[in-house]
Amino acid sequence: MTAYDPENIFAKILRGEFPCHKIYEDDHVFAFLDIMPRSPGHTLVIPKAPARNILDITAEDFAHVARGAHKIAHAAMKAFKADGIVVQQFSEPAAGQVVYHLHMHVMPRHDGVPLLPPATKKEDTAVLEGHAEKLKAALAQG
Ligand code: 5GP
């Protein structure tokens with residue numbers, strides 16, 4: 001498998017070298033909005049540890065990411081009055097991975113509303129800001 005590349009875009013976001021709409025951070029994980037959401041509130045949860053995908057991350061770091069996704073899923077249900085949540089993680093090109101720092105997708109779903117295909121549209125910053133505020137407010141409520 002190809003080695004982890006510290007110049008990938010999510011590593012740059014983690015280091016504060018590239019902007020994002022941050023939702024949550026703790027000692028182990030960082031969560032921010034997907035710039036091309038497949039549903040409103042589509043969030044990415046990433047480990048702070050450098051890992052390309054599920055094939056090189058430690059089980060412990062993967063568990064931290066899963067805990068982060070669990071937290072975001074509950075907040076997203078509230079924030080978007082969602083009917084359900086999709087959690088996805090792709091490892092390697094054959095699986096559809098395009099950014100090589102492990103990330104878990106957390107996507108709020110509403111009955112009868114299909115997910116947009118990946119990379120359909122770069123969302124407006126103002127829309128993303130609104131979604132980030134809703135999610136952060138729901139997280140603050142606990
Ligand atoms: P993958 O297919 O690797 O699991 O998904 C990568 C995701 O990263 C896609 O959903 C894509 O929209 C998102 N993405 C790509 N570049 C950026 C970026 O610069 N910022 C943010 N926030 N998301 C990105």
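Predicted model: local features only at pLDDT ≥ 70, side-chain atom pairs only at ≥ 80, totals over all residues.

Residues are numbered from 1 along each chain as its sequence is written, and side-chain values use heavy atoms, with hydrogens and water left out.

**Exercise 1.** Find His103 and work out whether it counts as buried or exposed.

*Solution.* 
Step 1: Go to the loop between β4 (84–88) and β5, where His103 is found. Helices (H or I, at least four residues) and strands (E, at least two) are DSSP runs, numbered from the N terminus.
Step 2: Check the accessibility. His103 counts as buried because its relative accessibility is 6%; buried means under 20% relative accessible area, exposed over 50%, and partly exposed in between, with a 1.4 Å probe and protein chains only.
Step 3: Look around it. Leaving aside neighbours within four places in sequence, His103 is in contact (heavy atoms within 4.5 Å) with Phe10, Leu44, Val45, Ile46, Gln88, Gln89 and Gln97.
Step 4: Turn to the record. An unreviewed UniProt entry annotates His103 as "active site"; such annotations may be inferred rather than shown by experiment.

**Exercise 2.** Describe the largest nonpolar core and say which element supplies its largest share.

*Solution.* 
Step 1: Apply the rule: a nonpolar core is a set of buried Ala, Val, Leu, Ile, Met, Phe, Trp, Tyr and Cys residues joined through side-chain atoms within 4.5 Å.
Step 2: The largest one has 24 residues, and Ile23, Tyr24, Val45, Val65, Ile72 and Leu135 have the most contacts inside it.
Step 3: At least two residues of this core come from each of β1 (22–25), β2 (29–33), α2, β5 (104–109) and α3 (125–141). The largest share is from α2, with 7 residues.
Step 4: Apart from this core lies another, of 7 residues, including Phe10 and Phe32.

**Exercise 3.** Work out which parts the salt bridge between Lys48 and Glu25 ties together.

*Solution.* 
Step 1: Check the pair. The side chains of Lys48 and Glu25 meet at 2.7 Å, N to O; a salt bridge is a side-chain nitrogen of Lys or Arg within 4 Å of a carboxyl oxygen of Asp or Glu.
Step 2: Lys48 lies in the loop between β3 and α2 and Glu25 in strand β1, so the bridge ties together parts 23 residues apart in sequence.
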